[in-house]
Amino acid sequence: MSESSNNNLEQAKQEGKYIRTIRSFVKREGRLTKGQAAAIEKCWPTMGLEHKNGLLDLTQVFGNDNDVVLEIGFGMGKSLVEMAKNAPHLNFIGIEVHRPGVGACLMDADEAGVTNLRVFEHDAVEVLADCLSDESLTTLQLFFPDPWHKKRHHKRRIVQTEFAEKLRSKLKIGGVFHMATDWENYAEHMLEVMQAAPGYKNQSETNDYVPRPDLRPLTKFEQRGHRLGHGVWDLMFERTK
């Protein structure tokens, strides 16, 4: 959180006001496997990024000025590692708060010899606010976020008007916010929020959803869903201003 916003939050607390801040996750504790722990110890010095270090110089981080793709909530990281391996001309940053997922991602990246990937273990909202310059990202990915399927929990969904606005400033003009979900109600919610969000254009020819692009790997979970007749909805919105 930036210093000014933190001061405002502290002042509000002192005045007895309740401020609900956006969070990109619900913290889930889990036990690391030996392999995950070893991967973190081995790879974090070269692949790990720390929120506390503040604003990133992405050219320095990656050693080049290639376009940067950021993924929020990469889970166990298999698809993120696959994307990074398949696109060595791009730089990738993943954000995940689940430590075993971070360990699994680093382990897979190490085994695959991937060098164009960096990882945060931190809240995505704070990383976006404090560590990334405006207009620094070519693509921002949010795949299968928690759908909070109960109606009373819909306000906890990460895709909200305020969040869309925060993301927009980090995308380059022409950059894309790519979302995917296997919950039709959440897809409809995403579409409604993004259609109303200023400065975005839907890339769908039918003004709703797009076919899954080849750049997003088909996960085992998704393949199983297809066999069972479950749908998956991709949305891609381009920053226009």
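Reader: At which residues does UniProt place the feature "binding site" that includes Lys-150?

Author: A record entry is a list of positions to look up in the model. Here the model is a predicted one. The unreviewed UniProt entry gives Lys-150, Asp-182, Thr-219, Lys-220, Phe-221 and Glu-222 as "binding site".

Reader: Where is Lys-150 found, and how does Lys-150 count in accessibility?

Author: Find the element, then read the accessible area. Lys-150 sits in the loop between strand 5 and helix 7. Its relative accessibility is 41%, so Lys-150 counts as partly exposed.

Reader: Where does Asp-182 lie, and what is Asp-182 in contact with?

Author: Asp-182 is in the loop between strand 6 (171-181) and helix 8 (184-196). For contacts, set aside the neighbours within four places in sequence. Asp-182 then touches Phe-144, Phe-221, Gly-231, Val-232 and Trp-233.

Reader: Why does Asp-182 count as partly exposed?

Author: Partly exposed covers the range between the buried limit of 20% and the exposed limit of 50%. Asp-182 has 28% relative accessibility, so Asp-182 belongs there.

Reader: At which residues does UniProt place the "binding site" feature that includes Glu-96?

Author: The unreviewed entry puts that feature at Glu-71, Glu-96, Asp-123 and Asp-146. These positions spread over 76 residues of sequence, yet they cluster in space, with a largest C-alpha distance of 14.5 Å.

Reader: Is Glu-96 buried or exposed?

Author: Buried means under 20% relative accessible area. Glu-96 has 7%, so Glu-96 is buried. Its place is the loop between strand 3 and helix 5.

Reader: How many helices and strands are there in the protein chain?

Author: The chain has nine helices and eight strands. Of its 241 residues, 47% count as buried.

Reader: Which residues of helix 4 are buried?

Author: Start with the general idea. An α-helix has 3.6 residues a turn, so residues three or four places apart point the same way. In helix 4 (residues 78-86), the buried residues are Ser-79, Leu-80, Val-81, Met-83 and Ala-84. The buried residues of helix 4 pack against strands 2, 3, 4 and 5 and against helix 5.

Reader: At what angle do helix 2 and helix 5 cross?

Author: Take the two axes, then the angle and the distance. The axes of helix 2 and helix 5 cross at roughly 70 degrees and come within 8 Å. Helix 2 is therefore roughly perpendicular to helix 5. Contact residues in helix 2 include Ala-39, Ile-40 and Trp-44, and those in helix 5 include Val-102, Leu-106 and Met-107. The contact residues divide into eleven nonpolar, three polar and three charged.

Reader: How far apart are Ala-38 and Leu-106?

Author: Count in sequence, then look in space. The two are 68 residues apart in sequence and 9.5 Å apart in space, C-alpha to C-alpha. Ala-38 is in helix 2 (residues 34-47). Its relative accessible area is 43%, so Ala-38 is partly exposed.

Reader: How do helix 6 and helix 7 pack?

Author: Helix 6 (residues 124-131) and helix 7 (residues 161-170) pack at about 40 degrees, with axes 10 Å apart. Helix 6 and helix 7 are therefore oblique to each other. The crossing is left-handed. Helix 6 brings Val-125, Leu-128 and Ala-129, while helix 7 brings Phe-163, Leu-167 and Lys-170. That contact holds five nonpolar residues, no polar ones and one charged.

Conventions. Residues numbered from 1 in each chain as written. Predicted model: local features only at pLDDT ≥ 70, side-chain atom pairs only at ≥ 80, totals over all residues. Heavy atoms only, no water. Buried < 20%, exposed > 50% of the residue type's maximum accessible area, 1.4 Å probe, protein only. Helix = DSSP H or I, 4+ residues; strand = E, 2+ residues; numbered from the N terminus. Contact = heavy atoms within 4.5 Å. Axes fitted to C-alpha atoms, helices over the stretch in contact; angles between N-to-C directions. Parallel < 35°, antiparallel > 145°, perpendicular 65-115°, else oblique. Left-handed = near helix turned anticlockwise from the far one by under 90°. Nonpolar A, V, L, I, M, F, W, Y, C, P; charged D, E, K, R; others polar. UniProt positions renumbered as here; feature names shortened; annotations may be inferred.
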